[in-house]
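Colleague: Could you give me a close look at one part of this model, and show me how the rest is arranged around it? I'd like the cut-offs spelled out as you go.

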Amino acid sequence: MMRKGGVDLRILVLLALVMVSLCVVPLLTSDRYQLKVLTLVGINVITVTGMALLFGFAGQVSLGHAAFVGIGAYTSAYVVSTLGWPWLIGPVAAVVVAALGGFLLALPSLRLRGHYLAMATLGFGEIMRVVFVEASAVTGGPDGFSGIPYPSLAGLEIDSPAGNYWLVWGVAVVSMVLSANLVRSRSGRAMRALHGSESGAMACGIDVTAVKVRVFVLSAALAGLAGALHAHVIGFISPASFSLHVSVLIVAMAVAGGTRSLVGPALAATLLTLIPYADAVIPGLSRPLLDAIQAYQEDAYGLAISAVMLFAPAGLAGLLRRAVAVRGWRLA
Amino acid sequence: MSLLEVRQVLKRFDGLIAVDGASFEVYENTIKALIGPNGAGKSTLFNVLTAFDSPDEGRIVFDGIDITGFKPQRIVRLGIARTFQNTQLFEEMTALENVMTGAHAVTKSGMLRGAFRLPSAVAEERDIVEEAGRLLRLLGIEQWTDVYASDMPHGLRRLLEIARALATRPRLLCLDEPAAGLNTVETATLAEALYRIRDKGVTIIVVEHDMGLVMEISDEIVVLDRGQKIAEGPPRLIQKDPVVIAAYLGEDDSDDM
């Protein structure tokens, strides 16, 4: 069964299978460490979904995205921990403040293109990192912000690893589904049009600057949401969690994942997040090997990304599309 | 009644005058060609008309509204659409999606409605798909519906760009060298398509080098030379105009005429 311009039914079945297996993971393992690592994967999937919209669909670059994750994390931690407001307000405030940050950065910078936009966002990331260190009354300074409470909904604290896992992956799946709807909608076409040809987009009556600002804000909001979840699930944040290194990693996930795809970047986020925690998914991994991986973490990232780009220049999404095309499926 | 009025438009580039006080009118439901030797200022004038460039002096009036200095997205909403000399298609979108994107200006679902697939957005999307399909059929390229623009042959890409422009529901369609790189069969198909479009009530301005096509399809021709209008009138008068012939003979590439 194939709907015109739609997704193959078999793809939907495949997605349903993925969702079900995501759901049952906590029933198969009660290992706190394993669940925590897989929860981190979910958090990064949320961030990379925002980056995929910005980079993969709209063709814009941000080398300062960790700053938005940080803004979200500190905002939610401050609102819930310091101000003592109900938990749900934390992530909502995180999304709002991160989106506002995205808007303020987007207004001047999106007049820039390519390398210049990259430089502006890089500068923003560095400024925010300094702010996280210096504004110690709010952020706890270089020592970080600790004792951030677990998420709680309707007065019920979600303190179990399985609960956090479900919460984060629930948010991740909803973010991906809404984003998938978005890219196939009128606004999504406007975003993709920017990537294709700005002149062509203008000729279609698309306000190029407005669309750039919107997708930038959306992408910052998703990063802020991920940051808030990160803060509450881990319970501790510090400026190091939101450094340039993290920004580069977010871009790397989107690039390795491939353009015009949400599934590819989510897969890449999964793989790259798991590298330093390889022992969580590979049971028999020897201690010295794990130590080596962690010691050479950056090199492992570089190697993984190079491998993807070398063997699949169109990213993991390209690989998926090819695999699917061989069977005559269509991954729209 | 004139749909478009170009009044004394002047455009300079670094002290060089590209368009020097050109004036003309375009009447509703006609095809007007803009021709002239290389460097005559056709492309500059074309970009000024479509708001991709703003004039240093002069006014552009569309349907009684002074649109001088408007942004392209605003012009599109008023009913002026354009194509490009170097096609500006969305290569990583299918032919259908390209035309659907053209409907942007005449539809309105925002990000939230799209992300949550609200009934209004879904209904609008269905209309967009239907209209895009209709336009692909109008241009005779419906068998390319699900093919990526990058995989389409050159001649059909030009037709696709026209279909995308029509999706903005224009009253005035501006074509920048639509026949460039087309063979005779493709050019004939293009001419047919332009007649069909005009018969649907769309006024057309075309900048074109292919004199055969220009003489065949235009109701009126404006001839530019060195930024100035040197002649205006129906094809058979322009062909015989000694000033026009002199202008074309004066350039190296004189086999155009």
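Modeller: Happy to! Chain A has 16 helices and 2 strands (DSSP runs numbered from the N terminus, H or I over at least four residues for helices and E over at least two for strands). Its radius of gyration is 20 Å, close to the 20 Å that the globule rule gives for 332 residues, so chain A is as compact as a globular protein of that length; the radius is taken over C-alpha atoms, and the rule is 2.2 Å times the number of residues to the power 0.38. This is a predicted model, where local features need pLDDT of at least 70 and side-chain atom pairs count only at pLDDT 80 or more, while totals for chains, interfaces and linings use all residues. Residues are numbered from 1 along each chain as its sequence is written, with chains lettered from A and ligands numbered from 1 in the order in which they are written.

Along the principal axes, the C-alpha atoms of chain A fill a box of roughly 50 × 50 × 40 Å.

Now to where the chains meet: 24 residues of chain A are in contact with 34 residues of chain B, contact being C-beta atoms, placed from the backbone, within 7 Å. Among the elements of chain B that give two or more residues to this side are helix H2 (72-78), helix H5 (119-138) and helix H6 (154-166). Helix H3 (95-102) is also on that list, and H3(B) gives the most, with 5 residues. By class, this side of chain B has 16 nonpolar, 10 polar and 8 charged residues (Ala, Val, Leu, Ile, Met, Phe, Trp, Tyr, Cys and Pro are nonpolar, Asp, Glu, Lys and Arg charged, the others, Gly among them, polar).

H6(B) also packs on helix H7 (residues 184-199) of chain B, at an angle of about 10° and with the axes 10 Å apart. Axes are lines fitted to C-alpha atoms, for helices over the stretch in contact, and angles run from 0 to 180 degrees between N-to-C directions. H6(B) and H7(B) are therefore roughly parallel (under 35 degrees; over 145 is roughly antiparallel, 65 to 115 roughly perpendicular, the rest oblique). H6(B) brings B:Gly155, B:Leu159, B:Ile162 and B:Leu166 to the contact, and H7(B) brings B:Glu186, B:Leu190, B:Ala193 and B:Ile197.

Chain B also has an open sheet of 6 strands with mixed pairing, in the order E6-E7-E8-E3-E9-E10; strands pair if DSSP finds at least two bridges between them. Its edge strands are E6 (80-82) and E10 (228-233). Strand E9 (residues 220-225) runs antiparallel to E10(B), joined by 5 bridges, and B:Val223 stands opposite B:Ala231 in E10(B). Across E9 and E10 of chain B lies helix H10 (residues 242-249), at about 130° to E10(B).

Finally, strands E1 (residues 2-13) and E2 (residues 16-27) of chain B pair in the antiparallel sense over 9 bridges. They form a hairpin with 2 residues between them, where B:Asp14 in the turn has a positive phi of about 50°.

Terms used:
Two residues are in contact if their C-beta atoms, placed from the backbone, lie within 7 Å.
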